[in-house]
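User: I am learning how to read a protein model, and I would like to go through one with you step by step.

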Amino acid sequence: MQIRLFDQTDSEDLFEYLNRVSIQTNNLGLEQQELQSSFNPEKLKHLNDKLQASIAFIAQDDRTTKIIGLAQITRKLRIRYMNQAEFAISVDKKYWSQHIGSKLIEACVAWATEKWNIEGIYLEVLSDNQRAINLYKKYGFTIVGDLPILLTIDGQNKPGKLMFKHLKK
């Protein structure tokens with residue numbers, strides 16, 4: 001398995017990955033039927049076009065060369081927001097418990113620290129996704145707030161947690 005920056009040539013594979021994982025879990029902010037309108041290979045080509053505002057890393061299976069994980073860190077380029085970013089991650093369920101999420105988190109934190117020199121990263125997670133919360137805590141994220149409604153899944157509002165990691169102390 002390798003972790004690397006997303007490249008435009010990965011857009012077809014990434015689209016296939018997003019279709020696959022959107023069916024596997026309700027922990028994503030994306031419904032499978034939204035993929036066609038929100039994302040397509042042509043739109044995905046531009047994922048890393050603005051490296052100062054957004055960066056995406058992919059995890060790739062060495063044997064199959066399939067994308068098996070995705071992490072993205074984004075920030076607003078307005079001066080008052082320059083010291084913080086937002087983080088999102090997903091891993092193909094078939095590859096859970098293989099430290100792929102850990103490697104993706106490490107890549108994003110390193111980029112945020114070394115390239116952007118920011119001071120903190122936020123993320124949102126469903127309150128009942130204890131597996132993810134434990135992973136984030138392992139990497140120094142702490143719960144800083146409750147979100148009464150994070151996602152609406154099958155017509156039901158689901159609460160979430162807001163987590164934060166200080167990069168400079």
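User: In which sense do strand β2 and β3 pair?

Analyst: This is a predicted model, in which local features need pLDDT of at least 70 and side-chain atom pairs count only at pLDDT 80 or more, while totals for chains, interfaces and linings use all residues. Residues are numbered from 1 along each chain as its sequence is written, and side-chain values use heavy atoms, with hydrogens and water left out. Strands here are DSSP runs of E with at least two residues, helices are runs of H or I with at least four, both numbered from the N terminus, and two strands pair if DSSP finds at least two bridges between them. Strand β2 (residues 54–60) and β3 are joined over 7 bridges, and their sense is antiparallel.

User: Which residue of β4 is the bridge partner of Q72?

Analyst: On one side, Q72 in β3 is the bridge partner of A56. In β4, the partner of Q72 is A88.

User: Why is strand β3 largely enclosed by the rest of the structure?

Analyst: A residue counts as buried under 20% relative accessible area, as exposed over 50%, and as partly exposed in between, with a 1.4 Å probe and protein chains only. Strand β3 (residues 67–74) is largely enclosed because, of its 8 residues, the number buried is 6.

User: Which strands are the edge strands of the sheet?

Analyst: The sheet is open and has 7 strands with mixed pairing, in the order β1-β2-β3-β4-β5-β7-β6. An edge strand pairs on one side only, and this holds for β1 (2–5) and β6 (142–153).

User: Which residue in β2 does Q2 stand opposite?

Analyst: β1 and β2 pair over 4 bridges, in the antiparallel sense. Within β2, the residue opposite Q2 is Q60.

User: Which element gives the most residues to the lining of the largest pocket?

Analyst: A pocket is an open set of points on a 1 Å grid over the protein atoms alone, where a 1.4 Å probe fits, with protein on both sides within 12 Å along at least five of seven lines, and lining residues have an atom within 4 Å of a point. The largest pocket is lined by 45 residues, and among those nearest its centre are A88, I89 and S90. Elements that give two or more residues to this lining include α1 (11–24), β3 and β4. The most, 7 residues, come from β4.
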